[in-house]
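Subject: Model for you to look over

Hello,

Here is the structure I promised to pass on. Please open it alongside these notes.

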Amino acid sequence: MKGKINLSCVFCNVKFKSPLISPSGIVVDQEKIIDLSQIKGVGGLTTKSSSILPREGHSPPTVSAFKAGFINAVGLKNPGMINSKREIMFLKKRINKPIIASVFGTKLADFSILVKEISESKPDIIELNLSCPNVDDEFGKPFATDPLLTAMAVIEAKKVVQKIPIIAKLTPNTPYLNRVAYEVEKAGADGISAINTVGPGMLINLKKRKPILSNCLGGVSGPAIKPIALRCVNEIKKTVKIPIIGMGGVETGKDALEMIMAGATLVGVGSAIYQGGFKIFDKIIKEMKEIMTEEKISSINSIRGSLK
Ligand SMILES: Cc1cc2nc3c(=O)[nH]c(=O)nc-3n(C[C@H](O)[C@H](O)[C@H](O)COP(=O)(O)O)c2cc1C
């Protein structure tokens, strides 16, 4: 049965040969993105969030590891939408897998400008990053902490692009997650991705008696946040019908299947790349097939959102 298991899936009408994708911000160098795309277990790739103008980001250290994961405050370093558009055009020529273009705005009106510009590079899906915990928007908080602001960002995006699916990336750092998800769907989004990093949190350099990150605070990712990610994905699944990309602490086949059981169609594997390298994707696929054989699970569709 193992050899026969088919893990391909459809998300927002886009076909993915593997349900595993690389989420935004982990692999950012173009040549490395191309290398990553050649790994069989990688179903699709997300680009670094692009803003209208280039952003320098924070000074190093911007990422630090701890026992149960990572903390980061990169400060959304990116070359700006004109350069990001060119990069995506280049990647589209070199990569034969779906590309999800991530965009980030600090004002609601940014999203129509960003989505219009980036859509010219014809990404397969556009993801609105409404959830970075390290950068405030015009309201002094990430959009996705607030149901109506999230809906307004989606409306801004949908009014300029109809042919490319628009998905909203949500934060766990809100007491209103199901209301946010509800408004995202009502505003016309085609899908949701969740979760962005948790926090912000802080790590301390004991000898220097100061925070490790230059920004002091950063978003937490990796195994530490898996239980929060599973709860969030399941809460979203129970609220909306649009499909979900689930991510947060996935590093094994068991983690990926749990994320699908919680409700995800695609699964993001981010921080695990830092320790496992690009081969982590093939390892997760192999483990998924082994568990599915053992547990007599014939397809991932049969277990999606199937918690008792
Ligand atoms: C160094 C780093 C940079 C990130 N940059 C972005 C980003 O630009 N846009 C975004 O939407 N998420 C960004 N994220 C969040 C990830 O895409 C992902 O949602 C989060 O890390 C949880 O998944 P993981 O535990 O598998 O890493 C970043 C995460 C890390 C660790």
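**Around K48**

K48 sits in the loop between β4 (44-46) and β5. Helices (H or I, at least four residues) and strands (E, at least two) are DSSP runs, numbered from the N terminus. This is a predicted model: local features need pLDDT of at least 70, side-chain atom pairs count only at pLDDT 80 or more, and totals for chains, interfaces and linings use all residues. Residue numbers start from 1 along each chain as its sequence is written.

K48 is buried, because 22 other C-beta atoms lie within 10 Å. The cut-offs: buried means 20 or more other C-beta atoms within 10 Å of the residue's own, exposed means 12 or fewer, and partly exposed falls in between, with C-beta atoms placed from the backbone. Not counting residues up to four places away in sequence, K48 touches S24, G25, V28, N78 and S102. Contact means that the C-beta atoms, placed from the backbone, lie within 7 Å.

**Binding site and ligand**

An unreviewed UniProt entry lists K48 under "binding site", together with S24, S49, N129, K169, I195, G222, G248, G249, G270 and S271. UniProt positions follow the numbering used here, feature names are shortened, and annotations may be inferred rather than shown by experiment.

G222 is in the loop between β14 and α6 (226-239). G222 is also buried, with 24 C-beta neighbours inside 10 Å. Its contacts, leaving aside neighbours within four places in sequence, are A68, G69, F70, G249 and S271.

How many residues surround the ligand? There are 28, and the closest are P23, G25, S221, G270 and S271. A residue counts here if its C-beta atom, placed from the backbone, lies within 6 Å of the molecule. By class, this shell has 11 nonpolar, 15 polar and 2 charged residues. Ala, Val, Leu, Ile, Met, Phe, Trp, Tyr, Cys and Pro are nonpolar; Asp, Glu, Lys and Arg are charged; the others, Gly among them, are polar.

The unreviewed UniProt entry gives C132 for "active site". C132 lies in the loop between β8 (125-129) and α4 (147-158). Is C132 buried or exposed? Buried, because 26 other C-beta atoms lie within 10 Å. Beyond its neighbours within four places in sequence, C132 contacts L76, F104, P142 and N196.

C12 is not a glycine, yet has a positive phi of about 50°. C12 is in the loop between β1 (9-11) and β2 (14-16), and is buried with 21 C-beta neighbours inside 10 Å. C216 also has a positive phi, about 65°, without being a glycine. C216 is in the loop between β13 (210-211) and β14 (218-221). C216 is partly exposed, with 14 other C-beta atoms within 10 Å.

**Sheet and cis bonds**

4 strands form an open antiparallel sheet in the order β5-β6-β14-β11. β5 (63-66) and β11 stand at the edges; each has a single partner strand, so one side of each is left without a neighbour in the sheet. The twist averages 30° from one strand to the next. Axes are lines fitted to C-alpha atoms, for helices over the stretch in contact, and angles run from 0 to 180 degrees between N-to-C directions. Strands pair if DSSP finds at least two bridges between them. β11 and β14 run antiparallel and are joined by 2 bridges. G201 has G218 in β14 as its bridge partner.

The peptide bond from G199 to P200 is cis, with omega near 10°. P200 is in strand β11. The bond from A194 to I195 is cis too, with omega near 15°.

Best wishes

Technical notes
Two residues are in contact if their C-beta atoms, placed from the backbone, lie within 7 Å.
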